[in-house]
Amino acid sequence: MSASWSVTSCLFFASCALLVVLAVGSPENSNSELPVVSFDEGYAHLFGDDNLVIHGDGKSVHLTLDERTGSGFVSQDLYLHGFFSASIKLPADYTAGVVVAFYMSNGDMFEKTHDEIDFEFLGNIRGKEWRVQTNVYGNGSVGVGREERYNLWFDPSDDFHQYSILWTDSLIVFYVDNVPIREVKRTKAMGGDFPSKPMTLYATIWDGSSWATNGGKYRVSYKYAPYIVEFSDLVLHGCAVDPIEHSSACDAVLPSGSIPTAITREQRVQMESFRKRHMTYSYCYDRARYKIPPPECILSVKEAKHLRSFDPVTFGQGKRHFVKRRHRRVSATSM
């Protein structure tokens, strides 16, 4: 990608950025207004050989995990801020140890100071639901895990549901079906731990037997393979960045306020309701892991009480039994 192409691309994205306001500025609007790209327009095969299959008009992708390998794809471009989304249908039945990830990272470029914004879907034994985990890293801050974990109000293997990431210079919001479920604000307390460098978008399925389900108690069983996750409605709506210069004209082109800087009051009510009913873990309240909560945490008595009902040891007093996620970095060269 040349610098001149980057400027042209950013002009295109600047015009599209106005749609983000319509899509996430009010809860009744749908992100279906945003442009959906085909696989060949926006993505490339990352790993997994023929375990990645493109369907239909090129706007639907199936990733498979079997005894040989997992699979994944990656955006062709780097992005600095934007709105990124996919409709995902997860595998059904016994899925313990299976991890599906939809995330942004620059680990291949900044090995020791990388940034990352994660949606991770953690499989489970038969009869137990999938769990969703979100996480944020900035400037290589992997020693401070900022995980949150949730149950969902639907079975994500029954049908497609939309999972989205809004990333600006001051805010990260995770959405499920246009409902915000987590907001991460850039604060002085976070220092350089807020993601601030250009990142690539990834989608993968892989074997996380060592940690994903009950800390590794239940592992992937390949007698239930192949595990297939389906992706559609792929949205790459951000500012493309030159991969060599890491430069972008978007900051100069995008008009002030064209990307939201906060969620609406109605959306905040939705988010608080979701977290009250469905959040099962938050690093801010893990008293076994952090004797003193990380400085960016704003604690809520109601949230603390809710989480103690799930796990009085982790969120009260007692010996830690939380198993930290083993950080993975997937690249085409490592497969």
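His 81 counts as buried, with a relative accessibility of 14% (buried means under 20% relative accessible area, exposed over 50%, and partly exposed in between, with a 1.4 Å probe and protein chains only). The structure is a predicted model, in which local features need pLDDT of at least 70 and side-chain atom pairs count only at pLDDT 80 or more, while totals for chains, interfaces and linings use all residues. Residues are numbered from 1 along each chain as its sequence is written, and side-chain values use heavy atoms, with hydrogens and water left out.

His 81 belongs to strand β5, residues 78-89. Beyond residues up to four places away in sequence, His 81 touches Trp 167, Thr 168, Asp 169, Gly 238 and Cys 239. Contact here means heavy atoms within 4.5 Å.

The protein chain has 335 residues, of which 58% count as buried. Its secondary structure comes to 5 helices and 15 strands. Helices (H or I, at least four residues) and strands (E, at least two) are DSSP runs, numbered from the N terminus. Among contacts in the protein chain with a separation of 6 or more, 71% join residues 24 or more positions apart. The accessible surface of the protein chain is about 14,600 Å², and 52% of this belongs to carbon and sulfur atoms. Accessible areas come from the Shrake-Rupley method with a 1.4 Å probe; for residues, only the protein chains shown count as cover.

Strand β5 is part of an open sheet of 7 strands. The order is β2-β3-β14-β5-β10-β11-β12, and the pairing is antiparallel. Two strands pair if DSSP finds at least two bridges between them. Strands β2 (52-55) and β12 (179-185) form the edges; each has a single partner strand, so one side of each lacks a neighbour in the sheet. From one strand to the next, the twist averages 20°. Axes are lines fitted to C-alpha atoms, for helices over the stretch in contact, and angles run from 0 to 180 degrees between N-to-C directions.

At one end of this order, strand β11 (residues 171-176) runs antiparallel to β12, and 6 bridges join them. Phe 174 has Arg 182 in β12 as its bridge partner. Helix α4 (residues 265-278) packs on the sheet and touches β11 and β12. The direction of α4 makes about 95° with that of β12.

A further open sheet has 8 strands. Its order is β1-β4-β13-β6-β7-β8-β9-β15, again with antiparallel pairing. Strands β1 (43-47) and β15 (279-282) are at the edges, and each pairs on one side only. Here the twist averages 15° from one strand to the next. Strand β9 (residues 148-150) is joined to β15 by 3 bridges, and the two run antiparallel. Arg 149 has Tyr 281 in β15 as its bridge partner.

Within this sheet, strand β13 (residues 200-207) is largely enclosed by the rest of the structure, because 7 of its 8 residues are buried. Strand β4 (residues 71-75) pairs with β13 over 4 bridges in the antiparallel sense. Gly 72 stands opposite Thr 204 in β13. Strand β6 (residues 98-105) also pairs antiparallel with β13, over 8 bridges. There, Val 99 stands opposite Trp 206. Tyr 103 and Ile 165 are 62 residues apart in sequence, with their C-alpha atoms 8.6 Å apart in space.

Strand β7 (residues 116-122) holds Glu 116. With 1% relative accessibility, Glu 116 counts as buried. In an unreviewed UniProt entry, the annotation "active site" covers Glu 116 and Glu 120. UniProt positions are given in the numbering used here, feature names are shortened, and annotations may be inferred rather than shown by experiment.

In soluble globular proteins, nonpolar side chains tend to be buried together. The largest nonpolar core in this model has 63 residues. A nonpolar core is a set of buried Ala, Val, Leu, Ile, Met, Phe, Trp, Tyr and Cys residues joined through side-chain atoms within 4.5 Å. Phe 73, Phe 119, Phe 121 and Phe 231 have the most contacts inside the largest core. Strand β14 (residues 227-241) gives the largest share of this core, 7 residues. Leaving aside neighbours within four places in sequence, Phe 121 is in contact with residues including Ile 88, Val 99, Trp 130, Arg 131 and Tyr 163. Another core, of 11 residues, lies apart from the largest one and includes Leu 46, Phe 47, Val 74 and Leu 122.
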